[in-house]
Amino acid sequence: MAAATSDWRAERRRALLAGLLPAVVVLAVITLVPAVGLVVASLTPLSLLDPAKTFHFANPLGNYIELMGDRRFIGSVGTQVKLSAASVALQVGLGLGLALLLNGSSKVLAAIRSIFLVPMVLPPIVVALIWKIVYSPDISPMHRALEALGVPVRSLIANPDTALWAIAVADTWQWFPFTMLMVLAALQSMPVEPLEAASIDGANRWQLFRFIIFPYIRPVLVVCALFRLIDSFKAFPLIYVLTNGGPGTVTEVTNYYGFVEAFNFSYWGYGSAIATLILAGVFALSWLIARLGLNSHDGR
Amino acid sequence: MTDDSILLPRVAAYRNGAPRPLRLPAFLAGTGRPTVAILLLLLLMLPFLWLVQLAFRPADAFFSEDFLFTPTLEAFASLLEGSFPKSIANSLIVATLSTGLSLLIGVPAAYVLARWDFHGKRYVALWILVTRMAPPIAFTIPFYLAYRWLGLQDTVAGLVIIYLTFNLAIVVWLMQTFFATIPVALEEAAWIDGAGIWQTFRLVVLPLAAPGLTATAVLCFIFSWNDFFYALILTRTNATTAPVAIVNFLQYEGWEWSKIAAGGTIVVLPVIIFAVLVRRWLVKGLAAGGVKE
């Protein structure tokens with residue numbers, strides 16, 4: 001009897017392993033191998049013009065040392081920080097506000113909730129085209145409205161002072177639904193009793209939000225902000241279509257600079273070094289999420 | 001229908017003898033929130049609706065100030081003449097194949113992760129999370145170099161493979177949460193009756209997980225359909241997908257706004273249709289993809 005059970009156990013193990021293995025092998029080939037390839041390439045001066053230097057490891061840290069003195073790279077990191085901070089703050093704020101607004105029991109609110117999610121599921125390239133139109137004075141609804149109000153402005157994406165903020169607004173429009181969705185889910189799972197008790201004790205709406213609702217949804221907001229922060233490092237279609245990194249390099253974020261080096265100039269080794277640094281940043285933030293995610297889970 | 005969170009504090013304040021707060025007329029008090037919400041909805045959707053109306057504008061009224069015009073399908077007809085239909089076909093083929101392949105490989109793995117506690121399981125889960133987080137440019141450079149060497153540049157197969165990098169992670173992550181909600185008792189009954197693990201999986205578990213499976217498939221399809229970055233870099237002319245084709249209108253053929261608007265509208269269509277069809281599950285899927293349940 002015991003032998004039969006252990007036989008069954010062994011067979012079950014084999015069967016389960018057979019189900020897991022293909023995915024693990026495929027994932028390893030398409031993620032681990034390229035990651036190693038990326039790091040190896042970043043240690044070489046590999047480029048289109050000089051294929052002989054493919055496996056040239058004479059100066060392995062050469063690309064990284066050059067990056068530290070590359071003003072365009074340092075500038076791109078600063079641009080990235082500005083864009084990420086602005087768009088994450090805006091979209092978490094807008095998402096939170098809308099979630100609070102839409103969290104009523106009215107039938108109208110329930111019916112329109114899911115329409116707000118549209119920007120998030122649209123193809124990113126269509127979002128970029130939508131905003132290209134909004135920022136093109138001759139066909140834009142925004143420019144028409146401003147003109148009608150007597151305050152004509154010139155194109156926001158052609159102006160170096162506003163271009164980056166114009167992209168942050170477009171990015172916010174695309175991603176506020178994410179925070180809205182997550183906060184709504186949290187609000188709807190929230191127990192009603194503390195709110196009722198506080199109301200009876202005379203708490204006003206601001207106090208209800210500040211002392212009961214906000215502490216409850218804070219972990220969700222933190223996770224949303226971190227997720228969006230990580231994704232903001234990948235911003236590409238908006239910048240590609242709206243400004244192409246310009247005017248000058250004022251909207252060139254690190255990811256975009258890596259793209260330019262690797263695929264416009266074909267400096268693959270140098271581009272790999274930039275991508276490796278972005279990857280390292282993403283790893284660090286993911287690690288932070290994993291820790292915070294566990295904590296907020298235990299806290300409930 | 002009045003809302004409790006609005007009503008209760010006022011009632012409480014009134015009971016405590018506080019001065020009566022300023023009140024809106026009754027017909028506004030109940031409808032205030034929905035009205036604000038609808039106005040905001042219109043404002044936020046305006047940029048999108050503007051794109052769609054541009055697609056239907058006749059060429060001579062394109063830059064006109066009039067809001068009224070006779071809708072025309074000219075722009076859509078002109079799209080049919082070029083290579084755009086081929087790009088749409090490429091997009092459909094790539095998205096379908098990539099979705100099918102990632103379900104085939106990912107669903108059994110998700111089941112194993114949901115049901116089997118083994119050493120190192122945490123690391124597999126963490127690895128999958130990191131794959132979802134990794135920036136596309138980190139994959140693109142090595143894939144680009146490898147494809148040059150393997151002859152997979154500008155091919156449908158090449159795109160299908162690189163789309164696995166995000167789709168497989170989504171499938172494993174989402175399906176794991178769906179499988180975890182199915183009670184194990186049913187499977188145990190089947191095992192006692194002598195059914196094998198994968199037989200039980202196919203006949204008992206999979207039918208129960210069907211809604212989750214549909215939602216996951218839709219998400220994979222949408223993510224593949226929506227991709228721009230990989231397709232931009234890994235294709236030239238032969239395997240160009242629709243998003244890249246639209247951007248080509250922007251760059252090589254001057255500013256063909258009506259074609260751009262029409263192309264954008266066509267690319268949005270399947271996404272909207274799918275999203276409406278599986279609305280309920282999509283919301284769950286998007287939420288579960290964001291944080292751990």
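The following questions and answers cover a predicted model of chains A and B.

Residues are numbered from 1 along each chain as its sequence is written, and chains are lettered from A, ligands numbered from 1, in the order in which they are written. In this predicted model, local features need pLDDT of at least 70, side-chain atom pairs count only at pLDDT 80 or more, and totals for chains, interfaces and linings use all residues.

Biologist: Which helix of chain A gives the most residues to the side that touches chain B?

Modeller: Contact here means that the C-beta atoms of two residues, placed from the backbone, lie within 7 Å. On that basis 80 residues of chain A are in contact with 77 residues of chain B. Helices are DSSP runs (H or I, at least four residues), numbered from the N terminus. With 16 residues, the helix that gives the most to this side of chain A is α1 (residues 2-42).

Biologist: How many residues on that side of chain A are nonpolar?

Modeller: Ala, Val, Leu, Ile, Met, Phe, Trp, Tyr, Cys and Pro count as nonpolar, Asp, Glu, Lys and Arg as charged, and the others, Gly among them, as polar. The side of chain A that touches chain B has five charged and 17 polar residues, and its nonpolar residues number 58.

Biologist: Where in chain A is confidence lowest among the helices, and where is it highest?

Modeller: pLDDT is the predictor's confidence in each residue, from 0 to 100. Chain A has a mean pLDDT of 86, and over its residues 295-300 the value is below 50. Where pLDDT is low, the predicted coordinates should not be read in detail. The lowest mean, 77, belongs to α13 (residues 268-299) of chain A, and the highest, 94, to α3 (residues 71-102) of chain A.

Biologist: Is Ser42(A) buried or exposed?

Modeller: Ser42(A) is in helix α1 of chain A and touches Asn63(A), Gly269(A), Ser272(A), Ala273(A) and Thr276(A), not counting residues up to four places away in sequence. A residue is buried if 20 or more other C-beta atoms, placed from the backbone, lie within 10 Å of its own, exposed if 12 or fewer, and partly exposed in between. Because Ser42(A) has 26 C-beta neighbours inside 10 Å, it counts as buried.

Biologist: How are α11(B) and α14(B) oriented to each other?

Modeller: Axes are lines fitted to C-alpha atoms, for helices over the stretch in contact, and angles run from 0 to 180 degrees between N-to-C directions. The axes of α11 (residues 210-226) and α14 (residues 257-277) of chain B come within 11 Å and cross at roughly 165 degrees. Angles under 35 degrees count as roughly parallel, over 145 as roughly antiparallel, 65 to 115 as roughly perpendicular and the rest as oblique. The angle therefore makes α11(B) and α14(B) roughly antiparallel.

Biologist: Which residues of α14(B) make the contact with α11(B)?

Modeller: By class, the contact has seven nonpolar, no polar and no charged residues. From α11(B) come Val218(B), Phe221(B), Ile222(B) and Trp225(B), and from α14(B) come Pro270(B), Val271(B) and Phe274(B).

Biologist: What is the phi of Asn244(A)?

Modeller: Most residues other than glycine have a negative phi, and most peptide bonds are trans. Asn244(A) lies in the loop between α11 (237-242) and α12 (254-264) of chain A, and counts as partly exposed because it has 14 C-beta neighbours inside 10 Å. Its phi is positive, near 55 degrees.

Conventions
Helices (H or I, at least four residues) and strands (E, at least two) are DSSP runs, numbered from the N terminus.
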